Protein chains: 2
Amino acid sequence: MKNIAVMGFGTVGSGVVEIIEGTSFKEKVGQDISVKAILDVREFPDSPYSSLITNDFNKIIEDDDIDIVVETIGGINPAYEFTVRSLKAGKSVVTSNKELVAAKGAQIMQIARENNASYLFEASVGGGIPIIRPLNNCLAANEIYEIMGILNGTTNYILTQMIKNGQSFESALSDAQKKGYAERDPSADIEGFDTCRKIAILSALSYGKQIDSDKIPTQGITKVALKDIEYADKAGYVIKLIGKSKKVNGKVYAKVCPLMLSKNHPLSGVEDVFNAILVKASATGEVMFYGKGAGKMPTASAVVADCLDIIKHNGFGAPHWQEGGELTCCNPDKVKYYIRLNITDNHRAEKCVIAVFDKVSWIDTDSRDAAFITFAAKEDEIQECIDKLGSLIGKENIVSKIQVEID
Amino acid sequence: MKNIAVMGFGTVGSGVVEIIEGTSFKEKVGQDISVKAILDVREFPDSPYSSLITNDFNKIIEDDDIDIVVETIGGINPAYEFTVRSLKAGKSVVTSNKELVAAKGAQIMQIARENNASYLFEASVGGGIPIIRPLNNCLAANEIYEIMGILNGTTNYILTQMIKNGQSFESALSDAQKKGYAERDPSADIEGFDTCRKIAILSALSYGKQIDSDKIPTQGITKVALKDIEYADKAGYVIKLIGKSKKVNGKVYAKVCPLMLSKNHPLSGVEDVFNAILVKASATGEVMFYGKGAGKMPTASAVVADCLDIIKHNGFGAPHWQEGGELTCCNPDKVKYYIRLNITDNHRAEKCVIAVFDKVSWIDTDSRDAAFITFAAKEDEIQECIDKLGSLIGKENIVSKIQVEID
């Protein structure tokens with residue numbers, strides 16, 4: 001008999017309880033598992049599990065019958081304290097809390113090891129998409145050198161609405177909120193912070209060292225205009241919010257930003273609330289994982305699978321990485337940029353662009369716009385050209401600047 | 001120190017040796033691992049590993065220092081005998097041999113358990129794509145109820161050439177052979193047998209019981225004409241060789257055949273030698289795994305990852321299923337069919353089609369063809385209509401009949 005405590009009876013936490021206490025689950029997994037306590041500051045008098053709810057963490061930590069603690073509180077505090085105290089009490093912890101894993105993963109995993117407990121977090125990235133365990137185990141004979149993903153369903157839904165239905169950003173965001181895909185305060189999604197934490201976790205796991213997600217250059221989708229999406233389409237591209245990282249001489253180059261992907265790119269067809277993660281590895285080549293990246297039951301099922309892993313296999317082979325990953329801000333690859341100008345004098349703009357960039361690919365635009373894609377060059381070289389262009393035609397007239405992924 | 005024996009020094013087997021004996025591998029995985037023996041009937045005097053090669057299986061079985069046996073011989077015999085004898089000697093076995101896993105999986109896994117050894121086969125499906133372990137562990141809290149995949153790179157390459165470049169089947173096959181994607185005897189690929197074994201393995205793993213792959217209705221791509229591909233395109237579809245299975249009231253409905261997929265279908269964009277597996281599960285919804293399904297290093301890296309799993313985690317949580325899975329031939333879903341007729345009298349053909357099917361979607365074709373897509377109905381109902389049409393216009397004039405996937 002294994003007993004689980006669930007901390008945080010929100011969307012994911014309640015899904016975990018529903019799965020474990022659901023009919024036929026115990027039979028299916030061949031294990032006798034129960035939820036013994038639920039920690040929440042709120043009361044849920046109408047819940048069938050109301051008798052399990054407590055607001056006293058000590059009841060969990062002091063209960064020797066509780067083997068596994070599920071942490072679905074989210075955020076750093078008090079999740080961090082509760083996690084560490086649980087591990088120190090010899091209880092394994094399973095979480096969906098990407099913020100905590102991104103911020104303190106290495107340290108928490110070390111505490112877990114010291115206490116013969118496990119810290120598992122499959123649900124922290126990609127919701128129900130199996131990604132942490134495949135990276136950790138299946139690709140163990142590979143050197144992973146690049147990860148690139150659509151890691152946030154809310155922003156992908158918004159961009160898809162803009163691309164497919166010509167909706168404005170504001171209107172698509174409002175739709176996403178109505179459908180429950182976006183929070184009332186959507187900034188963690190639309191500013192790219194959620195994607196940033198996830199690419200930090202995937203990078204740490206793949207390259208072996210904790211990365212400070214606060215230092216990853218992160219840009220959301222709030223500046224992506226409908227016009228850019230239209231012009232991207234004309235040029236054969238779609239715009240997606242991408243988290244990307246690459247191993248470069250022992251350091252990690254990482255970024256979160258809208259990228260223009262050619263329509264042949266494996267990630268370009270990933271629409272709506274779906275997520276996908278493309279991994280490049282030495283022996284295996286490109287591997288992609290695709291599915292719904294969020295949602296109550298997908299995420300809860302990933303949490304429960306981690307619990308089963310601990311029960312059945314004692315958490316053997318839990319992922320771990322060290323402290324001390326170093327970021328580099330130097331993009332090792334050549335890049336191209338899409339640039340849109342707000343112009344009144346077409347002819348003069350064209351002359352300036354050619355004076356600076358020599359040769360570019362023009363996109364067929366309205367007469368009041370000019371938009372083009374630059375040649376491929378090192379990022380600082382292109383940035384220099386863009387600055388030069390700004391000084392010629394006025395910085396404020398460069399209205400959009402989106403990096404173009406080179407296949 | 002862990003010692004491995006590799007049986008079969010062909011493409012995959014030699015890749016396994018190269019990875020394990022490669023520079024920095026031991027350091028990377030933090031384990032002291034060596035290849036101690038290589039079993040092959042051939043001699044490889046020029047190989048740097050020639051001193052390890054033996055043609056005597058007893059040398060492996062009797063060597064107590066050998067912990068893991070990699071079986072990359074392929075086929076049933078002698079792979080089966082060597083696998084069973086290795087397991088009975090307490091050695092774990094890792095394989096890429098889909099034929100053997102599909103035919104004898106349940107029995108071999110049982111022998112492994114009885115001897116405290118593991119039998120792992122991540123490389124048997126999808127080459128380097130992590131699929132066996134994610135299905136086995138990450139989706140453990142789910143009920144998997146449908147699997148659908150492009151499981152054979154050779155046929156997907158051929159179909160892609162036909163779709164993209166208008167090549168004939170024969171010419172695309174010959175290209176695939178030149179590029180080393182297809183064997184000199186390509187029948188296992190183009191007749192669908194390879195796909196059949198793989199869907200049998202995935203089904204057994206997902207639904208828990210061994211399935212007799214010989215009883216899965218299997219149709220390859222040899223009858224797919226360029227015209228069908230063109231007409232599919234006109235109607236908004238692509239033709240792919242699909243292995244599909246579904247759980248129906250405790251039984252399994254499985255098939256391998258060319259399917260017409262709408263261009264929005266997640267599998268429709270999977271091109272060239274890439275494979276992809278779409279899994280539908282109760283909590284997680286749709287999850288897709290994508291990558292190169294074959295090739296020396298991808299497949300070898302999956303074998304090595306299984307070896308590492310055994311070394312690091314003692315093979316805890318190895319997949320297993322029981323004997324006795326039952327197939328049903330009754331498709332639980334409604335289907336549509338694409339049908340192409342060879343006609344001389346357009347008007348009469350149209351009259352016959354309408355007399356039998358009432359309403360169909362006509363595809364804009366050459367004047368010498370007629371092609372249409374039927375309404376959706378139970379498979380036997382449609383089959384009856386097709387038979388009736390055959391009796392009206394002559395069976396031989398129904399030249400193509402391809403099932404259309406209903407999203």
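The C-alpha centres of domain 1 and domain 3 of chain A lie 51 Å apart. Chain A is divided into domain 1 (2-128 + 297-313), domain 2 (132-292) and domain 3 (334-404), with bounds that come from an automatic or database domain assignment. The structure is a predicted model, in which local features need pLDDT of at least 70, side-chain atom pairs count only at pLDDT 80 or more, and totals for chains, interfaces and linings use all residues. Residues are numbered from 1 along each chain as its sequence is written, while chains are lettered from A and ligands numbered from 1 in the order in which they are written.

Turning to the overall build, chain A holds 14 helices and 16 strands; helices (H or I, at least four residues) and strands (E, at least two) are DSSP runs, numbered from the N terminus. The radius of gyration of chain A, taken over C-alpha atoms, is 23 Å, close to the 22 Å that the globule rule (2.2 Å times the number of residues to the power 0.38) gives for 407 residues, so chain A is as compact as a globular protein of that length. Along the principal axes, the C-alpha atoms of chain A fill a box of roughly 75 × 45 × 35 Å. Of the 407 residues, 53% count as buried; a residue is buried if 20 or more other C-beta atoms, placed from the backbone, lie within 10 Å of its own, exposed if 12 or fewer, and partly exposed in between. Among the contacts in chain A with a separation of 6 or more, 73% join residues 24 or more positions apart, two residues being in contact if their C-beta atoms, placed from the backbone, lie within 7 Å.

Next comes the meeting of the two chains. Here 39 residues of chain A are in contact with 39 residues of chain B. On the chain A side, the elements that give two or more residues are α6 (132-138), β11 (285-292) and α12 (296-313), and α12(A) supplies the largest share, 11 residues. By class, this side has 23 nonpolar, 10 polar and 6 charged residues; Ala, Val, Leu, Ile, Met, Phe, Trp, Tyr, Cys and Pro count as nonpolar, Asp, Glu, Lys and Arg as charged, and the others, Gly among them, as polar. β11(A) also pairs with β11 (residues 285-292) of chain B in the antiparallel sense over 5 bridges, where pairing requires that DSSP finds at least two bridges between two strands. In this pairing, A:Gly291 stands opposite B:Val287.

Chain A can be laid on chain B with an RMSD of 0.0 Å by a turn of 180° and a shift of 0.0 Å along the axis, using least squares on the C-alpha atoms of residues with pLDDT of at least 70 in both copies. The two copies are thus related as by a two-fold rotation axis. In chain A, the C-alpha nearest the axis belongs to A:Phe289, 2.4 Å from it. The same surface serves both copies, with 100% of the contact residues of chain A recurring in chain B.

Within chain B, strand β7 (residues 144-150) is mostly covered, as 5 of its 7 residues are buried. β7(B) pairs antiparallel with β10 (residues 274-281) over 6 bridges, and B:Gly149 stands opposite B:Ile277 there. Another 4 bridges join β7(B) to β8 (residues 237-248), again antiparallel, with B:Lys246 as the bridge partner of B:Glu146.
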